Structures are given as structure tokens and as C-alpha cells.
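User: I would like to learn how to read a few features of a protein model. Please show it to me and take me through them.

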Amino acid sequence: MSQDRDSLLAQAVGLRESDRTEEARELLLTLSDRYPQDAEVAYQTAWAHDKLGLEAEAVAFYERSLAAAGLSAEDRAGAFLGLGSTLRALGRYEDAVATLQRGLDEFPDDAALRTFLAMALYNVGQARESVSLLLRLLAETSGDERVRRYRRAIEFYAQDLDAIG
């Protein structure tokens, strides 16, 4: 990658982080045209579109970022989350479930991916699976003393919400 690409990408990220997102988007679109196979440029372009509420336009950039090599593990997980969340926001619930599940196949311990998958599962009519996933996540990650005290019971009922005693 060129130094020009790196400095322009850093500039675009800085613009987005300082809430100058439309300027960032314009710069990122130029970079995307220049570097169409660059996963990092595609990811940052998707993010800027998402931040501006341009979800439909973000999808192709998220997909491009995941198809190309070069994202860090953190950014790759973020791209799965961004794409899944965006698809869900667009009402493409089945696609959201599939995308978030793909993300979890690569990042099984990612709590944010699991949370957004639970929302998408709810949207496709899988409320039982959604609640179960959220209960397991709560049991695993809660810092609340009372939740931690009942962790085993919560995990048990998460497996079978209709279980008695």
C-alpha cells in the first residue's frame, strides 16, 4: 500500500471520529474508487455510510471488506457486526442472522455479535433461541453479584425455558 493511501485513510478516519462524517465519506469514496480491493478502505467506507444513516449504501462496502483479505481480527469482527446490524435495520432479517452467525463462526466469544444475533433471531420469529442466547450471555458476562450468584440456574433455564425446578 502506498503512503498516500495510508495518510488519506488516516485522515478519513480522523474526520469520522471528529463527527465530520460527510467529509470522511467523500474522501473514503475516492479511496474506494482508487483501491477497490482494499478491505480496510471498504470497511471504513461502510462505517461512514452507516454513521450517516446510509445503511443501504453501506452493505456493498461491508461485503467487499469481508470478501477481501487484510482486515485485522478486530475490524473483521466489526465488519460482521456492522453488516449484520445494517441488514437487520433494513429489514433483511434472514440475511442478518446468516451474517451474524458467520461472524460467530469466526469469533465465537464476541458478546456484541451474540447480542445482535439474538435481536435478529427475534426478528425471524425465533424468540426462544433469542432469549436463550441472551440469558447465556447475561450469565457469562454480568458483573451483577446477584446474577453471578444464580449463574448456574440461569444457564440451566437458558437451555430449556420451560424446565420445571
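User: In which helix is Thr21 found?

Analyst: This is a predicted model. Thr21 belongs to helix H2, which covers residues 21-34.

User: Is Thr21 buried or exposed?

Analyst: The reading rests on relative accessible area, and buried means under 20%. Thr21 counts as buried because its relative accessibility is 6%.

User: Which residues is Thr21 in contact with, leaving aside its neighbours within four places in sequence?

Analyst: A contact means heavy atoms within 4.5 Å. With those neighbours set aside, Thr21 is in contact with Leu15, Arg16, Ala48, Lys51 and Leu52.

User: Where is Asp19 placed, and why does Asp19 count as exposed?

Analyst: Asp19 sits in the loop between helix H1 (3-17) and H2. The cut-off for exposed is over 50%; Asp19 has 60% relative accessibility, so it counts as exposed. The backbone of Asp19 also deserves a look: its phi is positive, about 60°, although Asp19 is not a glycine.

User: Turning to the whole chain, how many helices and strands are there in the protein?

Analyst: The protein has 10 helices and 0 strands. Read from the N terminus on, the order of elements is α-α-α-α-α-α-α-α-α-α. The C-alpha trace spans about 65 × 30 × 25 Å along its principal axes, and 41% of the 165 residues count as buried.

User: Which residues touch the most other members of the largest nonpolar core?

Analyst: A nonpolar core is a set of buried nonpolar residues joined through side-chain atoms within 4.5 Å. The largest one here has 26 residues, and those touching the most other members are Tyr62, Ala79, Leu83, Leu113 and Leu117. Two or more residues of this core come from each of helix H3 (39-51), helix H4 (55-67), helix H5 (73-89), helix H6 (93-106) and helix H7 (111-123). A second, separate core has 10 residues, among them Ala24, Leu28, Val41 and Ala48.

Terms used:
Residues are numbered from 1 along each chain as its sequence is written. This is a predicted model: local features need pLDDT of at least 70, side-chain atom pairs count only at pLDDT 80 or more; totals for chains, interfaces and linings use all residues. Side-chain values use heavy atoms; hydrogens and water are left out. Helices (H or I, at least four residues) and strands (E, at least two) are DSSP runs, numbered from the N terminus. Buried means under 20% relative accessible area, exposed over 50%, partly exposed in between (1.4 Å probe, protein chains only).
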